[in-house]
Amino acid sequence: MVAANRDVVNTCQYHRQTMKIDLRESWFIRDVEIPTRLVLAPMAGVSVQAFRRQGRRFGAGLVCSEMVSCAGIEHRNEKTLGYLRVASDEHPLAIQIFGSEPRTMADAARMVEAAGADLVDINFGCPVRKVTKTGAGATLLDEPARAAAIVEAVANAVDVPVSVKMRRGLRDGSRTCLEVGPQLVDAGAATLTLHPRSAQQMYTGTADHSLTAELVALVDVPVIASGDVTSRAKAQTVLATTAAAAVMVGRGAQGNPWALREIVDGDDAEPTREEVVAELVLFIRETVRELGERRASGFLKKFYGWYLGRGRFPRPFKQELVVLDTTDEVERLLLAAAPGALQLIEQLEAELPGGDEVLLDLPISIYGGG
Ligand SMILES: Cc1cc2nc3c(=O)[nH]c(=O)nc-3n(C[C@H](O)[C@H](O)[C@H](O)COP(=O)(O)O)c2cc1C
């Protein structure tokens, strides 16, 4: 068992009696230090840079890009390459790639490393047909030799650690992850994230973290537990009962960065209306900068409900926002509902690196010749 993982296991055993696990404890994926035991999940259509930067501010020790197509990287698709922009304040950051060919995955991993990612994450968990029908995502769990070949090719292509995120298997009740996981570690994976639902389950039922505990016992790399962690109590139970190195939070953080603060620090203060509006306006401004107004205005609509729900604002208010054409109009209405937010936004913007200085150059020129 490697030292880092042994320490995590020992710490967990020590705390198991008290159930008081320190989420602020740092841990390592090879030589990459992760400052807290909370990881922000990769989520397609959600994990833009603004989401990741916000996640880091609220206590996530590691953040992840959404899954990026290695075919899109290979063809230098402009939108795909946009996913490889890394901000100076989001490290440590994993960029996740998906594909089914070892060579193209290795090439994509080189681009990801050159873009500044601290980890290359491989997606063996996506259950969506558009992805699985190409032989990528969760289908690779049924093709362990190919999955291992992908991990090996990627690990040989880059110096940064390689991580793998997977589901329990394809079909309900599957335990495939326990067979495939150790093979992926042998192939070079420096950490595994397990979302213990089957691909067939999509997001129904519950994540069975008894499988996470079994996986932790089988491998000598840190394991990250993903699925249904929405509170500090649940995070501590999952960490204590699985001996995982960290928990990953996805849906619980949508429009709710305060959940991350509660999980890491136990600070369960409800945000004020001003705080909610300030975070949402900041998120809108950053997303417009990242995606451009046209893409951002559609992309952002789902976030209005996520931020303003949970009894924070009356339901019709969200309806008013989603029909507006521009994000400027949305911002005006939000600030009219909570004028005190303006001062908070100014404070936040003064503290954060802003504008272009957070964007690092893409290394396209290095690989432009193919
Ligand atoms: C909208 C959405 C998009 C997702 N996209 C990805 C993805 O791109 N890559 C990935 O590995 N997992 C993806 N996931 C799965 C999450 O990372 C996570 O494993 C899952 O949601 C369970 O965690 P949760 O209960 O905390 O949400 C996605 C989940 C959601 C809800």
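**A first look around this predicted model**

Q: How far is an oxygen atom of the ligand from a polar backbone atom of Gly 250?
A: An oxygen atom of the ligand pairs up with a polar backbone atom of Gly 250. A polar contact needs N or O atoms within 3.5 Å. Here the distance is 2.9 Å.

Q: How much of the 610 Å² that the ligand exposes when taken alone does the protein bury?
A: The ligand has a nitrogen atom 3.4 Å from an N or O atom in the side chain of Asn 123. Taken alone, the ligand exposes 610 Å², and the share buried by the protein is 87%.

Q: Which side chain has an N or O atom 2.8 Å from a nitrogen atom of the ligand?
A: There are 16 residues around the ligand, and Ala 44, Gln 96, Ser 226, Asp 228 and Arg 251 come nearest. The space the ligand takes is the largest pocket. The side chain at 2.8 Å from a ligand nitrogen belongs to Gln 96.

Q: Is Glu 279 buried or exposed?
A: Let's head over to helix H12, residues 273-291, where Glu 279 sits. Buried means under 20% relative accessible area. Glu 279 comes in at 5%, so this residue counts as buried.

Q: Which residue's side chain makes a polar contact of 3.0 Å with the side chain of Glu 279?
A: Leaving out residues up to four places away in sequence, Glu 279 touches Gln 54, Arg 57, Phe 58, Trp 258, Tyr 307 and Leu 348. Leu 348 is 69 residues from Glu 279 in sequence, yet their C-alpha atoms are 8.8 Å apart. The side-chain partner at 3.0 Å is Gln 54.

Q: What is the relative accessible area of Ala 94?
A: Ala 94 is part of strand S5, residues 93-98. Its contacts beyond four places in sequence are Leu 62, Val 63, Cys 64, Ser 65, Leu 119 and Asp 121. Ala 94 is buried because its relative accessible area is 1%.

Q: Where does Glu 90 find a backbone nitrogen 2.6 Å from a polar atom of its side chain?
A: Glu 90 lies in the loop between helix H4 (78-82) and S5, and it is buried at 0% relative accessibility. The Glu 90 side chain also makes a polar contact of 3.3 Å with the side chain of Gln 49. The backbone nitrogen at 2.6 Å is that of Ala 87.

Q: Which residue does a cis peptide bond join to His 91?
A: Most peptide bonds are trans. The cis bond here has an omega of about -5 degrees.

Q: What is the phi of Met 202, roughly?
A: Most residues other than glycine have a negative phi. Met 202 sits in the loop between strand S8 (191-198) and helix H9 (209-218), and it counts as partly exposed because its relative accessibility is 34%. Its phi is positive, near 55 degrees.

Q: Which residue just after H10 takes a positive phi of about 60 degrees?
A: Helix H10 covers residues 232-242, and its buried residues include Ala 235, Val 238 and Leu 239. The residue in question is in the loop between H10 and strand S10 (246-249). It is buried too, with a relative accessible area of 7%, and it is Ala 243.

Methods: Residues are numbered from 1 along each chain as its sequence is written. This is a predicted model: local features need pLDDT of at least 70, side-chain atom pairs count only at pLDDT 80 or more; totals for chains, interfaces and linings use all residues. Side-chain values use heavy atoms; hydrogens and water are left out. Helices (H or I, at least four residues) and strands (E, at least two) are DSSP runs, numbered from the N terminus. Buried means under 20% relative accessible area, exposed over 50%, partly exposed in between (1.4 Å probe, protein chains only). Contact means heavy atoms within 4.5 Å. A polar contact is a pair of N or O atoms within 3.5 Å; within protein, one must be able to donate a hydrogen and the other to accept it, and residues adjacent in sequence count only if both atoms are side-chain atoms. A residue is near a molecule or strand if one of its heavy atoms lies within 4 Å of it. Accessible areas come from the Shrake-Rupley method with a 1.4 Å probe; for residues, only the protein chains shown count as cover. On a 1 Å grid over the protein atoms alone, a cavity is a set of points where a 1.4 Å probe fits but cannot get out, and a pocket is an open set with protein on both sides within 12 Å along at least five of seven lines; lining residues have an atom within 4 Å of a point. A molecule sits in a cavity or pocket if more than half of its atoms lie within 2 Å of its grid points.
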